[in-house]
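Work through the exercises below with the structure in view. Try each task before reading its solution.

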Amino acid sequence: MKFFYAEGSPYARIVRIALLELGMNDTVEKEIVTLRDPESALLPYNPIGRVPTLQLDDGTILTESLLIFFYLDTQHGGQPLLPRDGSDGWVTLSRMGTAMGLIDGIAVWNRALRLPEHERSPGVLALERTRATRTLDALEKAVAGGAYTGRLDAARIALGSTLGWTERRHRKFNWREGHPVLSAWYDDIAQTPSFTMTLPPIV
Ligand SMILES: N[C@@H](CCC(=O)N[C@@H](CS)C(=O)NCC(=O)O)C(=O)O
């Protein structure tokens, strides 16, 4: 298998953490690729040009982090990172959806901020700030009530990865403010070796 990623990608990071947690990291060849680049080494494999991208041994290309999670869960004998049989009451899927939605919104916001100022849409910036804050408020309550605890499943990986990414790559937004419970939750999960080994570079 070959895994294409970028060190600054929050989506690729959740798969990188999963590979480490599943003990599969050393069995996968890896290549760091450029993004939004017509010369990117990824494009001959994946016309979508996004990471994470996983090439299976038979050449099949998987793009989209959730689909890669589905595949990885077929490759180990342990408890699935993302159970899809209702055995946990669909709780992991529900929490994963919220964490992925948080990444999606903050990624849109971050990309908008990278545009020259005159090309930025104030409406998009305001919408994404509101979405992120509303979701963090809900997560603060959920985590205070015991959500996102227990074994390191896909939802915990996605939420921890997103918060760490936001702190290092989307520095205009202090997500910790007003979210002390979530902040303590993050400080705890951030100590996990698979998290410390995949920290995105600060920008
Ligand atoms: N829904 C996709 C999103 C992946 C994504 O947007 N990746 C970004 C990096 S953070 C990317 O590759 N962007 C390059 C581009 O948009 O051309 C997933 O979950 O894998």
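**Exercise 1.** State the volume of the largest pocket and find which residues are closest to its centre.

Solution. The model is a predicted one. In this model the largest pocket has a volume of about 640 Å³. Its lining is made up of 23 residues, and the closest to the centre are S9, Y11, L35, R36 and R111.

**Exercise 2.** Describe the lining of the largest pocket by residue class and by helix.

Solution. Begin with the classes: the lining has 10 nonpolar, six polar and seven charged residues. Next, look for helices that supply at least two residues each; these are α1 (10–21), α3 (91–113) and α5 (154–169). Finally, pick out the element that gives the most, which is α3 with five residues.

**Exercise 3.** Locate the ligand and list the residues that surround it.

Solution. The ligand takes up the space of the largest pocket. Using a cut-off of 4 Å between heavy atoms, the residues around the ligand are S9, P10, Y11, L35, R36, G49, R50, V51, P52, E64, S65 and M100. Sorted by class, this shell holds six nonpolar, three polar and three charged residues.

**Exercise 4.** Examine the backbone at P52 and at W90.

Solution. For P52, check the bond to V51: the peptide bond joining V51 and P52 is cis, with omega about 5 degrees. P52 belongs to the loop between β2 (29–32) and β3 (53–55). For W90, check phi: the angle is positive, about 65 degrees, although W90 is not a glycine. W90 is placed in the loop between α2 (65–72) and α3.

Note on methods
Residues are numbered from 1 along each chain as its sequence is written. This is a predicted model: local features need pLDDT of at least 70, side-chain atom pairs count only at pLDDT 80 or more; totals for chains, interfaces and linings use all residues. Side-chain values use heavy atoms; hydrogens and water are left out. On a 1 Å grid over the protein atoms alone, a cavity is a set of points where a 1.4 Å probe fits but cannot get out, and a pocket is an open set with protein on both sides within 12 Å along at least five of seven lines; lining residues have an atom within 4 Å of a point. A molecule sits in a cavity or pocket if more than half of its atoms lie within 2 Å of its grid points. Ala, Val, Leu, Ile, Met, Phe, Trp, Tyr, Cys and Pro count as nonpolar, Asp, Glu, Lys and Arg as charged, and the others, Gly among them, as polar. Grid points are joined across faces, edges and corners, and a volume is the space filled by probe spheres set on the points. Helices (H or I, at least four residues) and strands (E, at least two) are DSSP runs, numbered from the N terminus.
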